[in-house]
Every structure is written in C-alpha cells, then in structure tokens.
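Visitor: Please give me a close look at one part, the surroundings of the ligand. Keep it brisk, and define terms as you go.

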Amino acid sequence: FMQEQTYKPLQGKKVLVTAGGTLERIDPVRYITNDSSGKMGYALAEEAHRMGAEVTLVTAPTALKFPSGVQVVEVQSTEDMLQAVVSRLEEMDIIFKAAAVADYRPAVQAAQKIKKSGDELVIKLVKNPDILQTIGERKTTQFIVGFAAETNDVDKYAMDKLIRKNCDLLVANDVTEAGAGFGVDTNVVRVFDRNGLVEALPMQSKSNVARRLLQLAAERIKGDN
Ligand code: CTP
Ligand code: CA
C-alpha cells in the first residue's frame with residue numbers, strides 16, 4: 001500500500017468554471033445557441049478538482065458526463081448563467097469563463113410554439129449582458145481567466161478583450177487552426193496577460209491545456225499574497 005502523492009497546488013482554493021454554449025429560447029420547442037462542446041470547461045473543472053480545489057461547474061447544456069467530485073450548477077440562458085456566477089463571485093478564488101455565451105437572445109420568448117405561416121420569419125434579437133465584463137468590474141481579489149475563440153487577428157482581439165473585461169489572463173484560440181476547433185479533444189491556445197503574450201501552447205489534449213492554465217493561475221494567486 002502506497003499513499004498517492006499527488007500535486008495539489010489548489011488545495012483550499014475555490015474555483016468556478018463556466019462551460020458549454022448558453023441557450024436562448026425562441027419558443028418552447030426552439031432555441032439559438034453557440035458552437036461549444038463544453039470539453040475545455042469540463043477538463044478545467046476535472047483537473048482543478050484533481051489539483052485539490054473545491055470546484056463549482058456552471059454549465060449550459062452539453063453532451064458530456066459531469067465530472068465527479070465537482071459541484072454542478074445547470075443553467076440554460078445567459079441571464080441564468082450571469083446569476084449563477086455573480087451570486088457566487090465573492091466566495092471564489094479563481095474563475096474560468098470558458099463558456100460560449102450567446103451575445104444576443106430573442107427579444108420575446110413565445111409562450112406557445114410559433115406556427116409556420118408566411119415565407120419569411122424575422123426574429124428580433126437583443127443584446128445579452130456580458131458576464132465576464134460584469135465580474136471583471138466587480139472583482140476584488142478573484143483571479144479571472146477569460147477565453148476567446150477567434151477566426152482571425154487572434155492576438156489583437158485577445159488583448160482587447162483582456163483589457164476591456166479586466167481579466168487576469170485571457171486564453172485565445174484560432175478555431176480555424178487544425179486541432180483547435182470545436183468538439184475536438186485537443187486545443188492550441190495562446191495565453192495573454194496585461195503585458196502581452198505569456199505562453200503559446202502547442203497542440204495538446206484539453207486536459208493538458210487545462211492543467212497548464214490551472215498551474216499558471218495557481219502561481220499567480222500565490223504571487224499575490
Ligand atoms: N462572455 C461573457 N458574456 C457574454 C459574452 C462573452 O461572459 N455575453 C465571455 C466568454 O465566456 C469569454 C469571453 O467573454 O470568456 C470572450 O467571449 P467572446 O465571445 O470572444 O467575446 P465578445 O466580447 O462577445 O466578442 P465577440 O464580438 O468576438 O463575440
Ligand atoms: Ca461573443
């Protein structure tokens with residue numbers, strides 16, 4: 001018998017992860033959402049738990065199995081996710097905002113199924129609140145990690161979002177790059193802080209990317225104390 005000697009740099013830390021694509025209802029049988037498998041967020045939750053953290057996973061619907069040992073909060077809409085995150089903000093040490101949040105939602109949600117009628121249907125959308133920006137404005141000691149999936153000008157958009165949303169780190173990927181797109185088990189990311197590029201991680205499993213991101217956060221919150 002040997003006691004497992006695992007590396008637990010997040011022991012005693014509270015980590016919140018958001019994952020999946022938020023879902024905005026049009027009517028009781030239809031919705032709009034974003035491309036997102038939830039794999040990066042679930043990998044972060046699972047690895048954070050392994051590294052000793054007390055983990056809360058706020059998840060929009062995905063096809064994935066819930067990671068064990070993690071508190072799961074299921075949400076659908078962006079408003080629900082905002083509420084779930086903001087109500088827990090104060091008690092958290094680290095927040096990973098890996099969810100793909102719908103930027104807009106239908107202006108009205110029909111109570112009954114919309115029946116087929118004319119040749120065109122126009123659905124008016126209104127802007128959703130920005131969860132990351134909201135917590136960026138309200139944060140005190142929390143270490144906040146944002147994400148950005150881009151198709152072009154990755155570095156420019158990444159730095160812009162990091163500053164605008166007041167994140168401590170921003171993790172960007174070019175979804176057009178091989179091994180970095182939606183649904184796959186690998187990712188290729190570039191990590192930024194206020195001073196610019198911190199690390200460019202070559203293609204690797206989302207679990208490995210998650211471990212590295214958690215390590216970076218752990219080092220940086222330690223440095224704060
Ligand atoms: N985000 C959020 N709330 C929103 C939109 C985005 O919390 N309403 C978060 C995402 O979870 C992610 C980060 O902000 O961590 C960047 O998301 P992204 O969609 O790339 O940023 P946007 O500001 O929506 O810009 P874009 O026009 O590129 O969609
Ligand atoms: Ca967006």
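Guide: Start with one term: a polar contact is a pair of N or O atoms within 3.5 Å; within protein, one must be able to donate a hydrogen and the other to accept it, and residues adjacent in sequence count only if both atoms are side-chain atoms. The model is predicted, so local features need pLDDT of at least 70 and side-chain atom pairs pLDDT 80 or more, while totals for chains, interfaces and linings use all residues. Residues are numbered from 1 along each chain as its sequence is written, chains are lettered from A and ligands numbered from 1 in the order written, and side-chain values use heavy atoms, without hydrogens and water.

Now the contacts. A nitrogen atom of ligand 1 lies 3.0 Å from a backbone N or O atom of isoleucine 131. For phenylalanine 147, a polar backbone atom is 3.0 Å from an oxygen atom of the ligand. On its own, ligand 1 has 570 Å² of accessible area, and the protein covers 78% of that. Such areas come from the Shrake-Rupley method with a 1.4 Å probe; for residues, only the protein chains shown count as cover.

Next, the shell. Ligand 1 is surrounded by 14 residues, and the closest are Lys97, Leu132, Phe147, Lys161 and Lys165. A residue is near the ligand if one of its heavy atoms lies within 4 Å of it. By class, the shell holds 7 nonpolar, 6 charged and 1 polar. Here Ala, Val, Leu, Ile, Met, Phe, Trp, Tyr, Cys and Pro count as nonpolar, Asp, Glu, Lys and Arg as charged, and the others, Gly among them, as polar.

Which elements supply at least two residues each? They are helix 3 (131-138), strand 9 (143-150) and helix 4 (154-164). Strand 9 gives the most, with 3 residues. Helices (H or I, at least four residues) and strands (E, at least two) are DSSP runs, numbered from the N terminus.

As for the site itself, ligand 1 sits in the largest pocket. On a 1 Å grid over the protein atoms alone, a pocket is an open set of points with protein on both sides within 12 Å along at least five of seven lines. To sit in it, a molecule needs more than half of its atoms within 2 Å of its grid points.

Helix 4 has a loop on either side worth checking. Aspartate 153 belongs to the loop between strand 9 and helix 4. Asparagine 166 lies in the loop between helix 4 and strand 10 (169-174). Most residues other than glycine have a negative phi. Aspartate 153, not a glycine, has a positive phi of about 45 degrees. Asparagine 166, also not a glycine, has a positive phi of about 55 degrees.

Buried or exposed? Aspartate 153 has 47% relative accessibility, so it counts as partly exposed. Asparagine 166, at 28%, is partly exposed too. The cut-offs are under 20% relative accessible area for buried and over 50% for exposed, with partly exposed in between (1.4 Å probe, protein chains only).

Glutamate 91 lies between helix 2 (78-86) and strand 6 (94-97). Its relative accessible area is 43%, so glutamate 91 is partly exposed. Glutamine 142 is 51 residues from glutamate 91 along the chain, yet their C-alpha atoms are separated by 8.7 Å.

Notes. 1 Å grid on protein atoms, 1.4 Å probe; cavity = no way out; pocket = protein on both sides within 12 Å on 5 of 7 lines; lining within 4 Å.
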